[in-house]
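This report walks through selected local features of one protein model, beginning with a helix and its packing. Please keep the sequence and the 3D view side by side while reading.

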Amino acid sequence: MVYEASYLRKSGNKWRGVLTFHDDCGAPRSVTKTLDATSKPQAKRELDSWRAEMELSALDQPKQTDEEKERHRIINMTVPEYVRSHIEGLESTKSIERSTAARYRAALKGQIAPYFEKIRLYKLSPDDIRKWLSSLLEKGLSNATAVKAYVLLKSSLARAVEREILEKNPADRVKPPKLIPKKPGINALDVRERRRLLTTLDGIENMPVTRPLGRETPASGRPSLRPSYSRNTRSRAHTRTRS
């Protein structure tokens, strides 16, 4: 390992040496050591000596295996790059239909890639995901669209955990937007009343209808009434008589 920088830091009466580097995931790291020197020139010489020892000992360490190199490559991908590779993996193993893969790519292009294009996989945090979901809703996208994109991102990260690329899934600590159910149509009648109404309507054609004859009776002065049946009723009655 080659350290990128080294510098001194004074803490009380003591000098501390600091070495900075980036780990296999690309994250910045540092190591420190309390020095025996009592003056700055002595501390500087001791720091240089310590740095040389650290770099020499790093050369004796075993080289990365192919598996470690692959993990290092994947974890340094941007979030969209990793999600894209996840979709391609599902498609190549025929784990999803072509139509599903097309929907995933549309969600990646429209909702995931624009926000996460500069964020690397190992740096993705739950707070990043929360802000991303808020930005989708602020743009006017529906809760359902945001949830579908969230599910794709979460499943991709879950696969990274299974492959031991990530230790934890940052999406597990994020609640997606609630889905808003569609409002059903309004009906003033309950189920029992609707059945009663339909039964009544079915029986109307069998009910006799009364109508005035057009002349008055001497006793009451009112038009006399006689029963009259609907055409369908008379037709059925006529059919029964003929048979």
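## Helix 4 and its packing

In helix 4, the buried residues are Thr-100, Ala-101, Ala-107, Leu-108, Gln-111, Ile-112, Ala-113 and Phe-116, where buried means under 20% relative accessible area, exposed means over 50%, and partly exposed lies in between, with a 1.4 Å probe and protein chains only. These buried residues of helix 4 pack against helix 3 (79-92), helix 5 (126-138) and helix 6 (143-162); contact here means heavy atoms within 4.5 Å. Helices (H or I, at least four residues) and strands (E, at least two) are DSSP runs, numbered from the N terminus.

Helix 4, which spans residues 98-116, has a kink of about 40 degrees centred on Leu-108, the bend at a residue being the angle between axes fitted to the seven residues ending there and the seven starting there.

## Basis of the values

This is a predicted model, in which local features need pLDDT of at least 70 and side-chain atom pairs count only at pLDDT 80 or more, while totals for chains, interfaces and linings use all residues. Residues are numbered from 1 along each chain as its sequence is written, and side-chain values use heavy atoms, with hydrogens and water left out.

## Aromatic pairs

Rings of Phe, Tyr and Trp (for Trp, its six-membered ring) pair if their centres lie within 6.5 Å, and planes under 30 degrees apart count as stacked, over 60 as edge-to-face and the rest as tilted. By this rule the count comes to three aromatic pairs. One of them is formed by Tyr-115 and Phe-116, an edge-to-face pair at 5.1 Å centre to centre with 75 degrees between the planes. Tyr-115 is partly exposed, at a relative accessible area of 32%, whereas Phe-116 has 0% relative accessibility and therefore counts as buried.

Phe-116 also forms a tilted pair with Trp-132, at 5.3 Å centre to centre and 55 degrees between the planes. Because Phe-116 lies in helix 4 and Trp-132 in helix 5, this pair ties together parts that are 16 residues apart in sequence. Trp-132 is buried, as is Phe-116, and ring pairs link Tyr-115, Phe-116 and Trp-132 into a cluster.

Thr-78 is found in the loop between helix 2 (66-75) and helix 3, and it counts as buried because its relative accessibility is 11%. Leaving aside neighbours within four places in sequence, Thr-78 is in contact with Phe-116, Glu-117, Ile-119, Arg-120 and Leu-121.

Lys-118 is found in the loop between helix 4 and helix 5 and is exposed, with a relative accessible area of 74%. The C-alpha atoms of Lys-118 and Thr-78 are separated by 6.3 Å, although the two residues are 40 residues apart along the chain.

## Pro-126 in helix 5

Which residues are in contact with Pro-126, leaving aside its neighbours within four places in sequence? They are Pro-170, Arg-173 and Val-174. Pro-126 is found in helix 5, and with 13% relative accessibility it counts as buried. Pro-126 and Pro-170 are 44 residues apart in sequence, yet their C-alpha atoms are 4.9 Å apart in space.
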